[in-house]
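Thank you all for coming. I would like to walk you slowly through one structure today, so please keep the sequence and the picture in view while I talk.

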Amino acid sequence: MSMELDVFVGNTTIMDMEVYQLWLDGLTVSDAVKVRMDEGALLECEANAEVLTSDTMDQFRTFQMCERLLHSPTKLGSQLLYQIPAQNQRILIERYYEFDSVFAREVLGKKLSKGTKKDLDDISCKTGITLKNCRRQFDNFKRVFKVVEELKGPLVENIQRHFLLSDTLARDYAAIVFFANSRFETGKRKLQYLSFQDFAFCAGQLISYWTIGAMDSMMEDMDVDLEKEFLHELKDLKVLVNDKDMMDQHKILVCAALRGKIKVYKLMEVNFKNLSRALINLASKLTHTKDVRDLFIDLVEKFIEPCRYDRWTVAEITLFLTHYTNAAHCLGTFRHQRIWDRYMGVIKSCILQMYHE
């Protein structure tokens, strides 16, 4: 059977973005051809399987040759070997660095080292993501981490400047870098219900309010390390539970504000001191590296689980934390309002993100 083909010559590199996605997903050429056939590519192009296979191989070869440039996205626009329109360059870069949330959840908080890379076989089986795709995503995490971990300036902006990613994707990578640096515990059984996006939101809060850069935009490693002076000052909040008169007054103010507004009022009144101690004790322990790493498991065990057991709603927790924070400003002898607001603002946001009814 004879076939006529139209042939043209040009210097613009032709890339099929649907085939690019199949390559990113880690499919073999034969598997990619099968997917394209199932999606009707033969009818669309009026071609046979041999032509489709040849086209797929050619596309995969092009992507493999471009991959080294994608490792340093800023070089893609300045190189002359491949004539790729600017819009396609942006798509190539963004898609190359996109990742699966379920994969990110598995490696979140772990050291981005060879040891973790050895676990990718198990992660691939667990998530259903091809091993090749897992390796690409892990290598991207490691590459971004190495480039930005020692840079001065805002973490998200550094990622965008060096990897040309969208704001949303850069913020997700900032969360991965932040967790890899601080090594927060995320793997405990009680934390398994939390998604990557839950942790990414919390990372954004910590970066914005608890890092060195939250107070001084010109400090080194500003968005990667928590501010040690701030963590040390959190010990001053112990007065809210160590001073009996202050604790009683705090309780009176919160109860007065919530009476008749929440269904769990009686339970809140009975458990107020336990809930307050949980929040304050957590703050006072954050000078120790291990306690910083256990921040999320402590929030779940000491505050979220007791509230969930008593069937608090998100709305009720929101009201409680709001009035609990504000009432401290009415305590005449309490002198640590600035530290208090900086601490409770993040804690409240994280609890509300992590509390699933």
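**Thr325 and its surroundings**

If we set aside the neighbours within four places in sequence, Thr325 is in contact with Trp340, Asp341 and Met344. Please bear in mind throughout that this is a predicted model. Thr325 sits in helix H19, which covers residues 314-327. Is Thr325 buried or exposed? Its relative accessible area is 11%, and since buried means under 20%, Thr325 counts as buried.

Let me turn now to the nonpolar core. The largest one has 114 residues, and those that touch the most other members are Trp210, Leu295, Phe296, Phe320, Tyr343 and Ile347. The largest share of this core, ten residues, is contributed by helix H11, residues 167-182. Take Leu295 as an example: leaving out its neighbours within four places in sequence, Leu295 is in contact with Phe184, Leu206, Trp210, Leu282, Leu286 and Ile347, and two of these names, Trp210 and Ile347, also stand in the list of residues that touch the most other members of the core.

Next come two pairs of helices. Two packed helices are described by the angle between their axes and by the distance between those axes. For H11 and helix H12, residues 196-209, the angle is about 80° and the axes are 9 Å apart, so H11 is roughly perpendicular to H12. On the H11 side, the residues that meet H12 are Asp172, Ala174, Ala175, Ile176, Phe178 and Phe179, while H12 brings Phe196, Gln197, Phe199, Ala200, Ala203, Leu206 and Ile207. Sorted by class, this contact has eleven nonpolar residues, one polar and one charged.

How do helix H16, residues 265-284, and helix H18, residues 295-309, cross, and at roughly what angle? Their axes come within 10 Å and cross at roughly 175°, which means that H16 is roughly antiparallel to H18. Here Leu275, Ala278, Leu279 and Leu282 of H16 meet Leu295, Asp298, Leu299, Lys302, Phe303 and Cys307 of H18, and by class this contact has eight nonpolar, no polar and two charged residues.

Key. Residues numbered from 1 in each chain as written. Predicted model: local features only at pLDDT ≥ 70, side-chain atom pairs only at ≥ 80, totals over all residues. Heavy atoms only, no water. Core = buried A, V, L, I, M, F, W, Y, C linked by side-chain atoms within 4.5 Å. Buried < 20%, exposed > 50% of the residue type's maximum accessible area, 1.4 Å probe, protein only. Helix = DSSP H or I, 4+ residues; strand = E, 2+ residues; numbered from the N terminus. Contact = heavy atoms within 4.5 Å. Axes fitted to C-alpha atoms, helices over the stretch in contact; angles between N-to-C directions. Parallel < 35°, antiparallel > 145°, perpendicular 65-115°, else oblique. Nonpolar A, V, L, I, M, F, W, Y, C, P; charged D, E, K, R; others polar.
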